[in-house]
Amino acid sequence: MKIKNICCIGAGYVGGPTMAVIAQKCPHINVTVVDINSERIAAWNDEDLSKLPVFEPGLDTIVKEARGRNLFFSTEVEKAINEAEIIFISVNTPTKTYGKGKGMAADLKYIELCARQIARVSKEDKIVVEKSTLPVRTASAIKSILDNTGNDVRFQVLSNPEFLAEGTAVSDLLNPDRVLIGGDTSPEGVKAVNALVEIYENWVPKTLILTTNVWSSELSKLTANAFLAQRVSSINAISEICEKTGADVNEVAKAIGMDSRIGSKFLKASVGYGGSCFQKDILNLVYIAKSYGLEEVANYWEQVVIMNEHQKQRFSDNIVQTLYNTVSGKKIAFLGWAFKKDTNDTRESAAIKVADNLLNEQAEIVVYDPKVSQERIYADLDYLNSRTSEENRALLKVLSDPYEACKDSHAIAILTEWDAFKTYDWKRIYNNMQKPAFIFDGRGILDIKVMENIGFVCYKIGSGD
Ligand code: UDX
Ligand code: ADP
């Protein structure tokens, strides 16, 4: 089957970059990314590439090359569905906030709406690809909706999970460790899988393209994220032991990481992992295990999330304790709000919870993040429903100059590992702070010895010194 037109529903952090790379690498295929959010689509179409809704290093260059040639962003969802032979579903699947599975199961409302829309408007056979992270067996729900439309169109449903990490999305897409495609083993299923394999073969070596059954593919995505998050929670658990015993977690991480069976990646102790995937996918796994009555399995994975919550709580508790058990009326500067560097995404960012904890202690917070907007920060706080929107605005300020943000503060908390923070004039920052001047490095990016020489009182995650 020769693919000429691809449609992707959902122009977010996954759909946008993934389709931009497919368009760049497959100039013979038209790629249309659609979204119901017209502001988002307008931003993707903005002449000024610094206004793209997703910030990712290198993405602007790719969009510049392909946009208008074979990459299009549009709100005309039905038209794009109709024209495409392959439709990627890349809409959000947040954790349910209501009803059965509340706080744990994935909310499949948006996926189902997409499936119904595809079913309603399709006039020819199509391949539907699930790109969003989904609970195992979602493909069968999508297939059931698609197959019961009453018209004679036939659909093949594939699972093709995305493994890109934000901040490195472009290089992850250009040089993936592997591409995973799950499909049906029937002749039509194999044909559909091959059609998708052919697209990736335009730039990914065939040996790195794995094909599996649909369920293995879906479960692999949840498992990969659960394993990665588990490593972060494991090293964070050790960081607390280090603080009590005088060991240094970075030294421990280096020592264990050199064991080739363990490996050195994802062993950086931090204030806690964030992002749209880890928490959601583990909770999803826990929910699946519980729904099959597998209590031990569910409890085992849930502990990874519990540890992460504990890490955020103890970071903020530590700030309060160190500042003589009260932060009421004290100014605390936050450097960073994004859940990791090189992204403007703040979903599940540790900064949100730490800010909330400190606001409950009546601290005054001033935030600086190089890529996150003021509106986003207030929306994150409002979402917690801890206090009114007006109270959030009165207690927390957002500034666009890091030196101003730190001025007159009692303490600085580093919540994101932005490289630029390392190159600041720390002496100047120190001179303009209240004394003693405290710094809480939740990301382990600063050289503590240098900071102490300047005069800062430092807290470094996982160090008992
Ligand atoms: C993750 C997976 O890596 C990716 O494959 C999947 O497609 C989506 O989920 P992402 O959430 O974008 O990607 O970023 P990732 O680099 O995995 O970081 C997640 C969180 O863990 C961040 O908050 C990061 O700061 C934190 N982290 C990561 C640590 O605290 N320590 C580490 O050693 C690594
Ligand atoms: P992700 O990180 O998974 O890409 P995002 O929230 O960044 O998640 O993006 C998902 C996008 O999907 C949003 O821009 C949202 O407006 C869009 N979306 C959700 N439901 C639909 C739908 N039925 N049709 C079109 N777009 C949708």
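How many nonpolar, polar and charged residues does the lining of the second largest pocket have, by class? The legends below concern a predicted model, and the third of them returns to this question.

**View 1. The buried face of helix 14.** Helix 14 spans residues 374-384, and its buried residues are I377, Y378, D380 and L381. Seen down the helix axis, these residues fall within an arc of 155°, so they line one face of helix 14. An α-helix has 3.6 residues a turn, so residues three or four places apart point the same way. On the other side of helix 14, E375 and Y383 are exposed.

**View 2. The surroundings and the end of helix 14.** After helix 14 comes N385, which has a positive phi, near 60°.

**View 3. The second largest pocket.** This pocket has a volume of about 460 Å³. Its lining comprises 18 residues, of which E243, N318, Y459, K460 and S463 are the closest to the pocket centre. By class, three lining residues are nonpolar, four are polar and eleven are charged, which answers the opening question.

**View 4. Elements that line the second largest pocket.** Two or more lining residues come from each of helix 9 (214-245), helix 12 (295-322), helix 18 (448-454) and strand 14 (457-460). Helix 12 makes the greatest contribution, giving four residues to the lining of the second largest pocket.

Conventions. Residues numbered from 1 in each chain as written. Chains lettered and ligands numbered in written order. Predicted model: local features only at pLDDT ≥ 70, side-chain atom pairs only at ≥ 80, totals over all residues. Heavy atoms only, no water. Buried < 20%, exposed > 50% of the residue type's maximum accessible area, 1.4 Å probe, protein only. Arc of directions from axis to C-beta. 1 Å grid on protein atoms, 1.4 Å probe; cavity = no way out; pocket = protein on both sides within 12 Å on 5 of 7 lines; lining within 4 Å. Points joined across faces, edges and corners; volume = space filled by probe spheres on them. Nonpolar A, V, L, I, M, F, W, Y, C, P; charged D, E, K, R; others polar.
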